[in-house]
Amino acid sequence: MTGRRFRSSTREIPEVSAVPRHIAIIMDGNGRWARKRLMPRVAGHSRGVEALRSVIRGCIEQGVEYLTVFAFSSENWRRPQDEVSFLMQLFLKSLQKEVARLHDNGIRFRVIGDLARFDPHLVKVIREAEVLTAGNTRFNLTVAANYGGRWDILDAMSRLMARHPERRDGFSEDELASELSMSFAPEPDLFIRTGGEKRISNFLLWQLAYTELFFTDVLWPDFDADALADAIASYQGRERRFGRTSEQLNSAPGQGSDA
Ligand code: IPE
Ligand code: IPE
Ligand code: MG
């Protein structure tokens, strides 16, 4: 079988810890934040990088192990060309500025998404940052760029089928999950979307199966360590049943098994 370290929440009831191990965030509302201040939309994206910095710090302080942020979706190419170019430049500049600091703080950096459409120089800087930080274990920061949940699942499935053309009886959940771009991490415990919209927008479709969802009207550039603490507090008030009843949870020590 596959050597997957993290089992699927639909196959095995995961251990639940008080602090979410993995938080996934849709950083939304940058444009509206800027518009409210009569600034160009892209000014909100620049401020968004600062918000990300403080959220990374907050996650590390709270004991979160993985943070995965949606920076550019596979549908964001539909935006005006100027805004797309600005976002690409901002990604490059932020990386060049921040990678040494991420590394000094023991942070492992990864990018998930289809980088084929990105400028080769940006791809080179991304890959170098991943190599530089590959040995770090204190915290895992993953940026989803030109990422789409549907793309991820299709890409994984296509690779499995190419590798096993003889297979007639399909594939297992574990086999598929180990081909997805987040195979290195447990499924997110907590999903946060800022900016007031209540949708997933093609983010981690497979992995969010049993994730606790938190939606806030706070616009991403205003999201900070306190806002993060509020989201974690909300998470701590949830009962994660994974299909079981509340009575089962409160009576049996049945965690970690399918019984
Ligand atoms: C999220 O903020 C950042 C990206 C999608 C790159 P938006 O740019 O979507 O901001 P709003 O939703 O228009 O306010
Ligand atoms: C989702 O935000 C993608 C990112 C934050 C990168 P959007 O602003 O693109 O989502 P929709 O279009 O409102 O669903
Ligand atoms: Mg938006």
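Trainee: Which residue forms a salt bridge with Glu83?

Mentor: The model is predicted, so local features need pLDDT of at least 70 and side-chain atom pairs count only at pLDDT 80 or more, while totals for chains, interfaces and linings use all residues; side-chain values use heavy atoms, with hydrogens and water left out. Residues are numbered from 1 along each chain as its sequence is written, and chains are lettered from A and ligands numbered from 1 in the order in which they are written. A salt bridge requires a side-chain nitrogen of Lys or Arg within 4 Å of a carboxyl oxygen of Asp or Glu. For Glu83 the closest N and O atoms are 2.8 Å apart, and the partner is Arg79.

Trainee: Is Glu83 buried or exposed?

Mentor: Buried means under 20% relative accessible area, exposed over 50%, and partly exposed in between (1.4 Å probe, protein chains only). Glu83 has a relative accessible area of 6%, so the residue is buried.

Trainee: How many residues apart in sequence are the parts tied together by Arg163 and Glu179?

Mentor: The side chains of Arg163 and Glu179 meet in a salt bridge at 2.8 Å, N to O. Arg163 lies in helix α5 (residues 149-163) and Glu179 in the loop between α6 (173-177) and β5, so the tied parts are separated in sequence by 16 residues. Helices (H or I, at least four residues) and strands (E, at least two) are DSSP runs, numbered from the N terminus. The separation asked for is thus 16 residues.

Trainee: Where do Arg240 and Asp189 lie?

Mentor: These two side chains meet in a salt bridge of 3.0 Å, N to O. The pair links distant parts of the chain, 51 residues apart. Both Arg240 and Asp189 are buried. Arg240 lies in the loop between α7 and α8 (246-251), and Asp189 in the loop between α6 and β5.

Trainee: Why is the pair of Phe6 and Tyr66 edge-to-face?

Mentor: Rings of Phe, Tyr and Trp (its six-membered ring) pair if their centres lie within 6.5 Å; planes under 30 degrees apart count as stacked, over 60 as edge-to-face and the rest as tilted. The count by this rule is 10 aromatic pairs. The centres of Phe6 and Tyr66 are 6.5 Å apart, and the pair is edge-to-face because the planes stand at 90°.

Trainee: Which residues form one aromatic cluster?

Mentor: Tyr147 is buried at 0% relative accessibility, whereas Trp151 is partly exposed at 25%. The cluster consists of Phe70, Tyr147, Trp151 and Phe203.

Trainee: What is the phi of Leu38?

Mentor: Most residues other than glycine have a negative phi. Leu38, in the loop between α1 (30-36) and α2 (41-62), is exposed, with a relative accessible area of 79%. Although Leu38 is not a glycine, its phi is positive, at about 60°.

Trainee: Is Asn202 buried or exposed?

Mentor: Asn202 also has a positive phi, near 65°. The residue is found in the loop between β5 (190-193) and β6. With a relative accessible area of 16%, Asn202 is buried.
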